[in-house]
Amino acid sequence: MVDKQRVIPLIVATALFMENMDSTVIATSLPAIAADIGTSPLTLKLAITSYLLSLAVFIPASGWTADRFGARLVFAIAVGVFMVGSVGCALSTSVTDFVFARILQGMGGAMMTPVGRLVLLRSVDKSALVNAMAWVTVPALIGPVIGPPLGGFITTYASWHWIFLINIPIGLLGIFMALRFIDPIKSEEREPFDLYGMVLAGIGLAGIAFGLSVAGLNLLPWSTVVALVVGGSISMTFYVLHARRTGSPVLDFSLLKLPTLRAAILGGFMFRLGIGALPFLLPLLMQIGFGLSPFKSGLVTFGSSLGAMGMKALAARIIRAFGFRNLMTMNAIISAVFLAACALFTVTTPLLIIMIILVVGGFFRSLEFTAINTVAYAEVETIQMSRATTLVSVNQQLAVSAGVAVGAASVETTMWLSHVNELNASVFAPAFIVVALTSAASSWFFWQMPDDAGHEISGRKAVEISSRKGADKGAAKAAVKAATEDTQDVRDQRLG
């Protein structure tokens, strides 16, 4: 059991790393791919957004699919579908081929993220959930940072085809490890599939996510962008009305009644919106504002990933010491301060200073992500777990898209107010301030949680009680062990 609690988070993290890196590694290689398949980079960039559309459409179906066919099987198939899509991208000879391959990748990715998290929640005891989520959080931060320099390196010294082919050995290993170490747990209750809700939610999420993703990037006219977002919002409104009348909605908003999940969704959206703009703004500042090469820029921005990796060993202890509410409230503000510090970067700022700020900021950002991803499931019952993971995944997807939109809009607004026609280092500072304030605003939602929020996961309440009674450390360990045995018993009963 101990081995599985270490291996399963790594299996899920590997799949998520593959998806996160693939989504960003293409950006640097766009001109080379476009030239090879005979199209323009602008046309190809619109084709790449088909991946986002596919994600938005199929994520709502992930929870029901995992319950119906088993999370282990769906996760393994999702990795396989993602691999097939990757091969299709590498073999593409036209824009049409590339679009279909990216849609296939999106179908796999839409299942990998929420189902992978569901596998983790059903396989790891609550007492070890914080450490497990720390491992899973890292790839989400590393992928977008190392993607661009890795893509540039592969395109320069090999061929752009290898950007997609490197997913094959990673995916094969992930499938083998998943079938070997993950237990085949299925939901005992079979719910009907909400097809009508799936269509409404798919159209709504696709319109909103796609519209926000291209906003400010000058890929489509603003009228088209507004039409996409408004149309998506209308569809989601109809879905909310529909969800109130069905017993098995694909997106169950009734779960927002749980204080911890509500804080993780609403506060997490605000926090991710601000932080999600960082991988978009920072490379532009380094390359266009400071004149660094894509590879050197990637090495500098990799500092935030180093901080994230350093966090994983300390996350459980920090959360146990301060509790979820206190930690998430204060840490959101601290993370926002380090994000705002990027506004002070100038062409004369030593790269070592920039690296230090990014490393320390990456530590606090990763700690906040770990806490958000963990406390979201503190009050969720086992039978509701698949719905909760689907809701969290949709929220994350929209937050990242909105972050890019807000960052791009802030830069364009600054250029318009300053009467500047071309990007330069000075137009990025207000954008960093805007997204930092947005992230800091998330602290209000976290403060609304109960004082003992998530104590079953963090172990904070058990430690405090044993300390007040004058018990030694053995009593605290016994409490944790008892909780672990209880969750193991429940899990063994589900396995039969």
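**Reading helices and cores**

Guide: The axes of helix 4 (residues 62-69) and helix 5 (residues 71-90) come within 6 Å and cross at roughly 120°. The model is predicted, so local features need pLDDT of at least 70, side-chain atom pairs count only at pLDDT 80 or more, and totals for chains, interfaces and linings use all residues. Residues are numbered from 1 along each chain as its sequence is written, and side-chain values use heavy atoms, without hydrogens and water.

Visitor: How is helix 4 oriented to helix 5?

Guide: Angles under 35 degrees count as roughly parallel, over 145 as roughly antiparallel, 65 to 115 as roughly perpendicular, and the rest as oblique. Helix 4 is therefore oblique to helix 5.

Visitor: Which residues meet there?

Guide: Contact means heavy atoms within 4.5 Å. T65, A66 and F69 in helix 4 meet A71, L73 and V74 in helix 5.

Visitor: Which residues of helix 9 are buried?

Guide: Buried means under 20% relative accessible area, exposed over 50% (1.4 Å probe, protein chains only). In helix 9, N167, G171, G174, I175 and A178 are buried. They cover an arc of only 100° around the axis, which puts them on the same side of helix 9. The face turned away from that side carries the exposed P169, L172, F176 and R180.

Visitor: Which residues touch the most other members of the largest nonpolar core?

Guide: A nonpolar core is a set of buried Ala, Val, Leu, Ile, Met, Phe, Trp, Tyr and Cys residues joined through side-chain atoms within 4.5 Å. Of the 115 residues in the largest one, these are F75, L251, F324 and F432. Helix 19 (residues 385-417) gives the largest share, 10 residues.

Note on methods
Helices (H or I, at least four residues) and strands (E, at least two) are DSSP runs, numbered from the N terminus. The arc is that of the directions from the helix axis to the C-beta atoms. Axes are lines fitted to C-alpha atoms, for helices over the stretch in contact, and angles run from 0 to 180 degrees between N-to-C directions.
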